[in-house]
Amino acid sequence: MSSCHIAEEPIQKVAIFGGTHGNELTGVFLVKHWLENGAEIQRTGLEVKPFITNPRAVKKCTRYIDCDLNRIFDLENLGKKMSEDLPYEVRRAQEINHLFGPKDSEDSYDIIFDLHNTTSNMGCTLILEDSRNNFLIQMFHYIKTSLAPLPCYVYLIEHPSLKYATTRSIAKYPVGIEVGPQPQGVLRADILDQMRKMIKHALDFIHHFNEGKEFPPCAIEVYKIIEKVDYPRDENGEIAAVIHPNLQDQDWKPLHPGDPMFLTLDGKTIPLGGDCTVYPVFVNEAAYYEKKEAFAKTTKLTLNAKSIRCSLH
Amino acid sequence: MCSLPVPREPLRRVAVTGGTHGNEMSGICLAQHWLQAPAELQRPSFSAVPVLANPAAIAGCRRYVDHDLNRTFTSCFLNSRPTPDDPYEVTRARELNQLLGPKASGRAFDFVLDLHNTTANVGTCLISKSSHEVFAMHLCRHLQLQYPELSCQVFLYQRSGEESYNLDSVAKNGLGLELGPQPQGVLRADIFSRMRTLVATVLDFIELFNQGTAFPAFEMEAYRPVGVVDFPRTEAGNLAGTVHPQLQDRDFQPLQPGAPIFQMFSGEDLLYEGESTVYPVFINEAAYYEKGVAFVQTEKFTFTVPAMPAPIPAPSPAS
């Protein structure tokens, strides 16, 4: 059988971002630790740079100072004329784009891992932005296999209007790493251990790839975003219902039409409407109350990747 | 040691406060709901008043604006002369002291129930000043008996010689209800529902007392603080490790000398070096990182709560 593989350039420059949201502590402390002692994240022939993206938010242990850093790496914000009047995060985004980008150029970093936590019960999650990216599908397959039996889910945020301009999107291969549940402002040892393992396997994959290993065709199950669902609100815009106890903590589990979704303060159950089973994620994420998102509906599908091999071998 | 006076008359002026910390959502959501629909707080002999304690912090979904409101009810803050530069919470504490106090005066509210959440796995925790709060102790006992499945633990926070500093100390009697674990800024249906039920039962107890019930003496088990333990830190003061997986989520369980308490980022375990068993509480509470507290060490002790006689009803207007 002829090997029909994609020949990819070797990976040279990798960054690991922590503190994009200043109160998501696992990434903050992993990056701070690696800045002191980076042995764990070194691999031969690879430059791996740990970096705190939002230091002012980290210092205040808050998600952001003026605006959400992880939503503004679009070309419009990146291109604005630098001035003291710009929100702090927009100025910071331009600095980060300068250091690790520029976005959409040849000089940008090859891979950026952006470390996040969520209050939702999502376990270990990898976030993919492009469904046709063979290299990342192969990486994610490797990470999932290496972590098993610990589950690792893949969330695909490719969508014409719902995809957002992430910090990591300035790299050629952006990877979101999200581990929960963990409260904001809390550092749990078990969550730290899980995120550490995810990074280890990711770096091992890159190293094997650079050394010439061929990865045969593979398939992974992913959850693709369909739409976001807000909380039911009253006429003043206040939240009028809570995530139903049957849905709370049930990220990635099927939610069928008719299943309980919200519970009003008067004790009434609001069920899922429509005809389709969905897979909720980011169920009851603290930071999303202000973004008007109680959870996101996803659909499950399989992505295939062709065989890949580093072009230098 | 003698106990403080028990109420001799029915309790008429009762308040339930939510949002003393602006990101502890169960109490905030309940208080907002009751401000629209107060029927739930009404009983035949009294009506409880809902209060949103820290509106500016609630609006920003943060614990506090300038200063932790629940540490601001000391006479030093309450009685000092107001200035324009006063922290927001100092001004607010004085307002609440006018509304629900004044602290230690005859005009203070009869009872204040203050609603809280924690990121620590405390389950259902009832917080009172000390074992001498006879009314509060009988109330705690009532909650424990009504809900044996909840394993309500009683935490008595006052260290000897220390002045009380929290919101419910402005009233003649008070109790803190602390439910966890719940992340800051998150409203969980299960915790919300449990808090709502507990508030109703507290008000039912007050009604029962008001109707002329006497309560016999009993033995109570509670936890009181003997110290705090900070996270391991670098010279610069940053975290060098975090709560060990074997301690995480084990609030109110015994911690023996030699057991692991922290896991360093570099991999090694730090062990508990105390000389006796302690009962850690508030393990890995988000708001306590800045206070230098990874967990509170408590000791478990048992004491006798004296009988509480029925109140003497006030003369009826018709007579």
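Predicted model: local features only at pLDDT ≥ 70, side-chain atom pairs only at ≥ 80, totals over all residues.
Residues are numbered from 1 along each chain as its sequence is written, and chains are lettered from A in the order in which they are written. Local features need pLDDT of at least 70, side-chain atom pairs count only at pLDDT 80 or more, and side-chain values use heavy atoms, with hydrogens and water left out.

In chain B, helix H1 (residues 25-36) packs against helix H6 (residues 189-210) at an angle of about 60°, and their axes lie 9 Å apart. H1(B) and H6(B) are therefore oblique to each other, a class that holds the angles left over when those under 35 degrees are called roughly parallel, those over 145 roughly antiparallel and those from 65 to 115 roughly perpendicular. On the H1(B) side, the contact (heavy atoms within 4.5 Å) is made by Ser26(B), Gly27(B), Cys29(B), Leu30(B), His33(B) and Trp34(B), while H6(B) contributes Ile191(B), Phe192(B), Met195(B), Arg196(B) and Val199(B).

Cys218(A) is accordingly in no disulfide, and the nearest cysteine sulfur, which belongs to Cys152(A), is 13 Å away. With 9% relative accessibility, Cys218(A) counts as buried, a term that means under 20% relative accessible area. In chain B, the sulfur of Cys125(B) is 9.2 Å from the closest cysteine sulfur, that of Cys140(B), which is too far for a bond. Cys125(B), at 0% relative accessibility, also counts as buried.

Definitions and conventions. Axes fitted to C-alpha atoms, helices over the stretch in contact; angles between N-to-C directions. Helix = DSSP H or I, 4+ residues; strand = E, 2+ residues; numbered from the N terminus. Disulfide = S-S within 2.5 Å. Buried < 20%, exposed > 50% of the residue type's maximum accessible area, 1.4 Å probe, protein only.
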